[in-house]
Amino acid sequence: MRIAIICGALGLSVMTAGAAEIDTESANYVLPGCKALLAITEGREMLDASSALGAGYCNGRAQDIA
């Protein structure tokens, strides 16, 4: 029983060590949303709901800068 608990704890620690935090300040994160925002303002269709969320994030970041 003790070995199972130790192995379980070790397995969980290894799984979380590989998880990387998303950098929401990087261009790779923001640019797709800005492209979606541009498509919305030009009257083109959005692809999906995540595009709308990305567009809102880009718009919000633009408001912070201005």
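**Figure 1. Overall fold of the predicted chain.** Helices are DSSP runs of H or I with at least four residues, and strands are runs of E with at least two, numbered from the N terminus. On this basis the elements of the chain run α-α-α from the N terminus on, with three helices and zero strands. The model is predicted, and the chain averages a pLDDT of 77, with 70% of the residues scoring at least 70. Confidence is lowest in helix α1 (residues 2-17), where the mean is 58, and highest in α2, where it is 90. Where pLDDT is low, the predicted coordinates should not be read in detail. Of the 66 residues in the chain, 12% are buried. The accessible surface of the chain amounts to about 5500 Å², and carbon and sulfur atoms account for 65% of this area.

**Figure 2. Close-up of the disulfide between C34 and C58**. The structure holds one disulfide, in which C34 is joined to C58 with an S to S distance of 2.0 Å. The pair links distant parts of the chain, since C34 lies in helix α2 and C58 in helix α3 (residues 49-65), 24 residues apart. The torsion about the S-S bond of C34 and C58 is about 95°, and the disulfide is therefore right-handed. The two cysteines fall on either side of the 20% cut-off below which a residue is called buried. C58 is buried because its relative accessible area is 9%, whereas C34, with a relative accessible area of 24%, is partly exposed.

**Figure 3. Close-up of helix α3 and its buried face**. Helix α3 comprises 17 residues and reaches 25 Å from its first C-alpha to its last, close to the 24 Å expected at 1.5 Å a residue. Within α3, the residues S51, G54, A55 and C58 are buried. Seen down the axis of α3, these buried residues fall within an arc of 105°, so they line one face of the helix. An α-helix has 3.6 residues a turn, so residues three or four places apart point the same way. The face of α3 turned away from the buried side carries the exposed residues A49, L53, Q63 and D64.

**Figure 4. Close-up of the salt bridge between E25 and R61**. A search of the whole structure finds two salt bridges; one of them brings together the side chains of E25 and R61, at 2.9 Å from N to O. This pair links distant parts of the chain, with E25 in the loop between α1 and α2 and R61 in helix α3, 36 residues apart. E25 counts as exposed because its relative accessibility is 53%, while R61 is partly exposed, with a relative accessible area of 28%. Side chains of opposite charge can pair when their charged atoms come close.

**Figure 5. Close-up of the salt bridge between E42 and R44**. The side chains of E42 and R44 meet at 2.8 Å, N to O. R44 has a relative accessibility of 48% and so counts as partly exposed.

Figure 6. I40 is found in helix α2, which spans residues 27-41, and A55 is among the buried residues of α3. I40 counts as partly exposed because its relative accessibility is 36%.

Terms used: Residues are numbered from 1 along each chain as its sequence is written. This is a predicted model: local features need pLDDT of at least 70, side-chain atom pairs count only at pLDDT 80 or more; totals for chains, interfaces and linings use all residues. Side-chain values use heavy atoms; hydrogens and water are left out. Buried means under 20% relative accessible area, exposed over 50%, partly exposed in between (1.4 Å probe, protein chains only). A disulfide is a pair of cysteine sulfur atoms within 2.5 Å. pLDDT is the predictor's confidence in each residue, from 0 to 100. Accessible areas come from the Shrake-Rupley method with a 1.4 Å probe; for residues, only the protein chains shown count as cover. A salt bridge is a side-chain nitrogen of Lys or Arg within 4 Å of a carboxyl oxygen of Asp or Glu. The expected span of a helix is 1.5 Å times one less than its number of residues. The arc is that of the directions from the helix axis to the C-beta atoms.
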